[in-house]
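Good morning, colleagues. Please look at the model on the screen while I go through its overall architecture.

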Amino acid sequence: MKKILVTRKLLNSNEEKLKKLYDVKLNSNDELYSQKKLIEISQGCDGILSALTDKLDKETINLLPDSVKILSNFAVGFGNIDLEAAKKRNITVTNTPEVLTDATAEIGILLILGACRRASEGIEGARAGDWKWSANYLIGKQLTGSRLGILGMGRIGQKIARIAKSLGMIIHYHNRSKLNSEKEQGAIYHEKLESLLSVSDVLSVCCPASKETINLINKDSLELLPKGAVVTNVARGDIVDDEALIDALNRRKVYAVGLDVYKNEPNLNPGYLKHKSAFILPHLGSATKETRTAMANLAIDNITEFFQTGACKNKVN
Ligand code: DGY
């Protein structure tokens, strides 16, 4: 039986499934393993079912035991893993696409709604009981008729586009390539990011984190947005330069932000906490029972497919 290290606690049904298939090292206390501990604890293992909280950088990967042949990441994103380092060591890296599209898009829409309609301030006021209805209390931005710029029109971006369109938003997008008309659903393609930003009343960051996209939303790119734009991020914190975004909020260049992901999670930049117009969530993108179950099942299936066939359709390196 292959030995698998599971770095984070999973839902019970998933752990039961793993126990039937593999000799598993579970993490019942859901401890956050340091890189050193991860290397130690993976001794003798054939594979690792990792999470986005595991920093599998070059140094860590180089110190993993030779027995480890697969890193099955329990996420669609894999910015936490140095793919090249894994490839050099002949370690297959896999992810969990598709199963989390709907749940993550729901949070993407929540971020847009929460930021545009001043949900943070509203919740605070309602809880404190210090509000009264008035014609100009917490006036927000209406979505109907606003232009939504989607940066990264993959599965999640497309699903956000579909929902936002039904809310009356006009959809624009920037992607490496133009989509076919079925996937585009009437959205307007911008070959250049600069062009997308100039029409984005609301920006939804949906692209993967990579060397090319780190700090793509920065001081210069934020200046291209219309004054009073709303910036939301459901993808990865690394894509946004926090200092630049907080500065844009301070200057009212940016009206509000809606964020689910951050650099250096869970220690988000304290600058966001000072802003009432920051609608912030603790990385809830895929957090539904259905989705987390499906993600873990897929991460397990990826391991099984790899050990049975030597290949895996969700291989990313
Ligand atoms: C992912 O899979 O990348 C999500 O962010 C997990 O919540």
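Helices here are DSSP runs of H or I of at least four residues, and strands are runs of E of at least two, numbered from the N terminus. On that basis, the protein has 13 helices and 12 strands. Its radius of gyration, taken over C-alpha atoms, is 21 Å, close to the 20 Å that the globule rule gives for 317 residues, so the protein is as compact as a globular protein of that length. The globule rule is 2.2 Å times the number of residues to the power 0.38.

A word on the source: this is a predicted model, in which local features need pLDDT of at least 70, side-chain atom pairs count only at pLDDT 80 or more, and totals for chains, interfaces and linings use all residues. Residues are numbered from 1 along each chain as its sequence is written, and side-chain values use heavy atoms, with hydrogens and water left out.

Along the principal axes, the C-alpha atoms fill a box of roughly 65 × 45 × 30 Å. Of the 317 residues, 50% count as buried, meaning under 20% relative accessible area with a 1.4 Å probe, protein chains only.

I turn now to the domains. The assignment, which is automatic or from a database, gives domain 1 as 3-99 + 288-309 and domain 2 as 101-280. Their centres, over C-alpha atoms, lie 31 Å apart. Nine residues from domain 1 and six residues from domain 2 take part in the contact, that is, heavy atoms within 4.5 Å.

Finally, among contacts between residues at least 6 apart in sequence, 61% join residues at least 24 apart.
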